[in-house]
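Let's take a walk through a protein model together, from its sheet and helices to its charged side chains. Keep the viewer open and turn the model as you read.

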Amino acid sequence: MSSTIFIQTPFQSKSLNKSLNTHFVPSFKLPVSLSFKPRTAAFSKRVHIRAGLIEPDGGKLVDLHVSEPERELKKREAASLPKVKLTPIDVQWVHVLSEGWASPLTGFMRESEFLQTLHFNSLRLDDGSFVNMSVPIVLAIDDLQKASIGESDRVALLDSDDKLIAILTDIEIYKHPKEERIARTWGTTAPGLPYVEETITNAGNWLIGGDLEVIAPIKYNDGLDRFRLSPVELRKEFERRNADAVFAFQLRNPVHNGHALLMTDTRRRLLEMGYKNPILLLHPLGGYTKADDVPLSWRMKQHEKVLEDGVLDPETTVVSIFPSPMHYAGPTEVQWHAKARINAGANFYIVGRDPAGMGHPVDKRDLYDADHGKKVLSMAPGLERLNILPFRVAAYDKTQGKMAFFDPSRAQDFLFISGTKMRTLAKNKEDPPPGFMCPGGWEVLVEYYASLTPSDNDRIPQPVAA
């Protein structure tokens, strides 16, 4: 595999700005230098970013990892502390927090941060400024765990194999208002929301917040750790490539040539704006996804073929994995996706139809208005420095035999190939129209669906690892 393709390696209450000026390109804003004083943990390291890339939220990235010389001491300290068991998704959130994707957060949210996130989609910093934060990053515990913690101000966090992951310090325990959390995050309490059923419905009735001391970088040992670049590592790579603009594209699906057209056209537009070397961050989501999504290992294999086949330019593309779990919370969640990419150095964010959306879990309709995601991003508090690049609609142009931007004046010439249609073709080992997806990428998709093994009780078939 070519290294040029995949990189291995307490708050004041003040009124919010009432301005609703949007920030769609081309009326873009240049990055501004901000000085914030976020909530800190005494041991936390912070990394200063050189001029040239957009500054992270709070002005500095948090790094919540314990230094190597301190690790054994922390392990000994943890042995005498109350223990809290983490789910795999909890560990993913520790990963997200530890690397600074949620900067300036330094741990799982305390109640003040939880309430601000739930009600305002933002966090007020000590100087009265604010940063965007739209999804709660919280840790749930039950009554027995709460009782076992007692008066301790620290707890040890263990994974499912009883391995020490982190110490949570200066803790605060508060009620877990599940119904309100679900209603405000998803806009509905309908049954069948994947993340809710996976992480909230059966979770404890308490939340525990505090500052994290993460013993060592989170690794998954799945063959993909070399692609999980932290915000610091991504910024270093962008600087190595002399990027003067970074445009991020998040996806949780295979890349087809319509996506590629959009990304290459975005780079062309940025060059026309006067940028000399805009770099694409192709950033597939790598945390929890619902059962019928294509698994990460297969998506990464497909993305590799897209670059190998020259659909995207490896010299101007960085492919990395975003470790966040997926909520499927539409316009609320897309703010989190955009905010995290600011911390990684992106000053442009591509947004399309119904970002982070899904079908309604009960009714046969979309859960969210397809246009609300991009509209919310253009007005969201704390995202003013980020330039939003709305999708242009691409479809298969039958006259050209390739994906092209839709022209309503000759709508009859275009074929829209839905995700459902694409999956049906792949499952039946049928080829799509020539030019829809690169051959290597399509072969991976066909191989994935052929790998699905029937499961008991009519459940979704289980995929075999790529």
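Predicted model: local features only at pLDDT ≥ 70, side-chain atom pairs only at ≥ 80, totals over all residues.

Residues are numbered from 1 along each chain as its sequence is written, and side-chain values use heavy atoms, with hydrogens and water left out.

Let's begin with the sheet. Helices (H or I, at least four residues) and strands (E, at least two) are DSSP runs, numbered from the N terminus, and two strands count as paired if DSSP finds at least two bridges between them. An open sheet is built from five strands in the order β3-β7-β8-β9-β6, with mixed pairing. At its edges lie β3 and β6 (140-141), each of which pairs on one side only. Two bridges hold β6 to strand β9 (residues 206-214) in the antiparallel sense, and here A140 stands opposite L207 of β9. Helix α2 (residues 88-98) packs on this sheet and touches β3, β8 and β9, where touching, or contact, means heavy atoms within 4.5 Å. The direction of α2 makes about 50 degrees with that of β9; axes here are lines fitted to C-alpha atoms, for helices over the stretch in contact, and angles run from 0 to 180 degrees between N-to-C directions.

Strand β15 (residues 394-397) runs antiparallel to strand β16 (residues 402-405), and four bridges join them.

Now for two helices. The axes of α3 (residues 111-120) and α5 (residues 178-186) come within 9 Å and cross at roughly 40 degrees. That makes α3 oblique to α5, since angles under 35 degrees count as roughly parallel, over 145 as roughly antiparallel, 65 to 115 as roughly perpendicular and the rest as oblique. From α3, the contact uses F114, L118 and H119, and from α5 it uses E180, R181, R184 and T185.

Finally, the charged side chains. A salt bridge is a side-chain nitrogen of Lys or Arg within 4 Å of a carboxyl oxygen of Asp or Glu, and the whole structure has 28 of them. One of these joins D57 to R385 at 3.0 Å, N to O. The two partners are 328 residues apart, with D57 in the loop between β1 (45-47) and β2 (61-63) and R385 in the loop between α11 (372-379) and β14 (387-390). Are they buried or exposed? Buried means under 20% relative accessible area, exposed over 50%, and partly exposed in between (1.4 Å probe, protein chains only). D57 counts as buried because its relative accessibility is 2%, and R385, at 10%, is buried as well.

Another salt bridge brings K85 and D162 together at 3.1 Å, N to O. K85 sits in strand β3 (residues 83-85) and D162 in the loop between β7 (154-158) and β8 (164-175), 77 residues apart. Here K85 is partly exposed at 40%, while D162 is exposed at 52%.
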